Amino acid sequence: MYRYDSYDQTLVDERVAQFRDQMDRYLAGKLGEEEFRPVRLQNGLYIQRHAPMLRIAIPYGMLSSHQLHALATITRRYDRGYGHFTTRQNLQLNWPAQEDVPDILADLAKVQMHAIQTSGNCIRNTTSDQFAGIAKDEVVDPRPWCELIRQWSTLHPEFAYLPRKFKIAVTGATHDRAAIHVHDIGLRLFLNDAGELRFRVLAGGGMGRTPMIGEVVRADLPWQHLLTYLEAIVRVYNQFGRRDNKFKARIKILVKALGVEEFARRVEAEWAHLKDGPQTLNDDAVDEAKTHFPEPARRPVAESAIVAFDQLRHDNRAFARFVTNNVMDHKVPGYKAVTLSLKRREAAPGDITADQMDAVADLAETFGFGELRVTHEQNLVLSDVPVDEIEALWQQLDALGMANPTVGTLNDIICCPGGDFCSLANAVSIPIAQAIQERFEDLDFLYDLGPIDLNISGCMNACGHHHVGNIGILGVDKKGEEYYQISLGGNADDDVSLGKILGPSFYREDVPDVIDKVLQVYVEKRLDEERFLDTYRRVGHQAFKERVYAA
């Protein structure tokens, strides 16, 4: 993974010192609230419902065991002994004291971490495939390119105050696990017929109040021009994006208003001033980025170990369930990627205690070259586990409460913090997730249902990505009361789609019953091997609506 050079470390250290001075002046009354607000936001500091919240950047979702140990120490020292992993591969602290934030940032800087640009109207943390570099379906490892984007976008002087926040996602696999269609810019690496590396560039995707699917603005961009073309897109957005209405300020609104052809024309016109300029990439720059992502020193795994693994999977039902749902094939024979579930009914989806952080960091050192990945589904991944060590890992995860064999099932719920924490939320979301997990906890039933994405957001900002859930749940406010709106048919993968609202919203206590009725229709009408999404698309929205709203 990427390691800071002297320039990176100096930048982050100076940023900490700068913010410490700004915080001191604010606390002394020498800096007003309106002056301090953009400063704190670009250092990841929010003011939430009950306390400040600090969002810590995890670039393209990669963490070292050393960094996770440090996060555990920080949560014990400055918070309540836990953190929350988000859908954008970051970590949030929900209870830090505002005056402690400079000290937290200083401790983060010691382990090459920061909170820069995790909020505010700027280019946010670039996200990617949690299986980057190891997936069997990968064409090109996207991590070096994510790192180049990180370097280009960090404290970019021209893009510090964009019309609204700006998010970029990158994938290099044939299967999109980075949700590139619902980001401000989505990038797909591919090889053309001549074997040359190219980018497919989408723009104008996003969720929130007005969800939209990104459109292709350039289908075939040579890799050398990645940064100059990104700069052209953001310049056009910065110039023409709306600043009079924050609800219409995202790039998706601009692309929709202009039309993708006109938007692309303006980008090309801007790019003409940048193309082949000093930010044009060359082999040396890319090779330097690639050196930070070397292949680990994996030991050979004997064929007999692979046979023994398969036999254990056959003989042990509980182990087989874990492998089927939480273990992914690896590009290297004899190795697997293992997902550690952060979905327990006793805690909010994505929450992890300090003790668990320390334990997982130790497991990463024992089983995974000291490397971890954060997933969009708010879980963690050990990327390089030999098959002859998976049983031992499984047993230790089970003791930690992180071996739930439910990854990819209905109970692998994506969920924002909601009204329990967020000042923007209209309704709570965590109790809804817990009620659904309790209602549908039978593993045989979950496995019979097959893969289902259920996503929950506490407000229209859609931090829980409810728009692209096969089943989406949105908390809404009706005259001071919490209600929940259900949508069906969303999907964040390659066959991307936005969910369609089922009908009038429901009381909180009715949500599990509504989900039950939706599942009844699916079970009754599905064909052999048909996923929930396939059945929904085949039989149509009305069949589900009639069952749910039947008198």
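**Figure 1. Lining of the second largest pocket, by residue class.** In this predicted model, 15 nonpolar, 17 polar and 7 charged residues line the second largest pocket. (Nonpolar: Ala, Val, Leu, Ile, Met, Phe, Trp, Tyr, Cys and Pro; charged: Asp, Glu, Lys and Arg; polar: the others, including Gly.) The pocket holds about 1000 Å³ of space. Of its 39 lining residues, His175, Glu377, Val407, Gly408 and Asp453 are the closest to the centre. Four elements each give at least two residues to this lining: α11 (317-326), β11 (327-329), α15 (443-449) and β17 (454-457). The largest share, 3 residues, comes from α11. (Helices are DSSP runs of H or I of at least four residues, strands runs of E of at least two, numbered from the N terminus.) Pockets are open sets of points on a 1 Å grid over the protein atoms alone, with protein on both sides within 12 Å along at least five of seven lines; cavities are sets where a 1.4 Å probe fits but cannot get out; lining residues have an atom within 4 Å of a point. Volumes are the space filled by probe spheres set on the points, joined across faces, edges and corners. Residues are numbered from 1 along each chain as its sequence is written. Local features need pLDDT of at least 70 and side-chain atom pairs 80 or more, while totals for chains, interfaces and linings use all residues; side-chain values use heavy atoms, without hydrogens and water.

Figure 2. The whole structure contains 5 cavities of 30 Å³ or more.

Figure 3. Ile116, Arg124, Asn125, Arg150 and Thr154 are the closest to the centre, out of 13 lining residues. The lining of the second largest cavity has 4 nonpolar, 7 polar and 2 charged residues.

**Figure 4. Helix α5 against helix α6.** The axes of α5 and α6 (residues 226-240) come within 11 Å and cross at roughly 50°. (Axes are lines fitted to C-alpha atoms, for helices over the stretch in contact; angles run from 0 to 180 degrees between N-to-C directions.) The two helices are therefore oblique to each other. (Under 35 degrees is roughly parallel, over 145 roughly antiparallel, 65 to 115 roughly perpendicular, the rest oblique.) Their crossing is right-handed. (Right-handed: the near helix is turned clockwise from the far one by less than a right angle; left-handed: anticlockwise.) From α5, Trp145, Leu148, Ile149 and Trp152 make the contact; from α6, Leu226, Leu227, Leu230, Glu231 and Val234. (Contact: heavy atoms within 4.5 Å.) The contact of α5 with α6 has 8 nonpolar, no polar and 1 charged residues.

**Figure 5. Helix α12 against helix α13.** Helices α12 (residues 354-367) and α13 (residues 390-400) have axes that come within 11 Å and cross at roughly 175°. They are therefore roughly antiparallel to each other. Gln356, Ala359, Leu363 and Phe367 of α12 meet Ala392, Leu393, Gln396, Leu397 and Leu400 of α13. The contact of α12 with α13 has 7 nonpolar, 2 polar and no charged residues.

**Figure 6. Helix α16 against helix α18.** The axes of α16 (residues 511-525) and α18 (residues 541-548) come within 9 Å, crossing at roughly 130°. That makes α16 oblique to α18. The crossing of α16 and α18 is right-handed. In α16, Val514, Lys517, Val518, Gln520, Val521, Tyr522, Glu524 and Lys525 form the contact; in α18, Ala543, Phe544, Arg547 and Val548. By class, the contact of α16 with α18 has 7 nonpolar, 1 polar and 4 charged residues.
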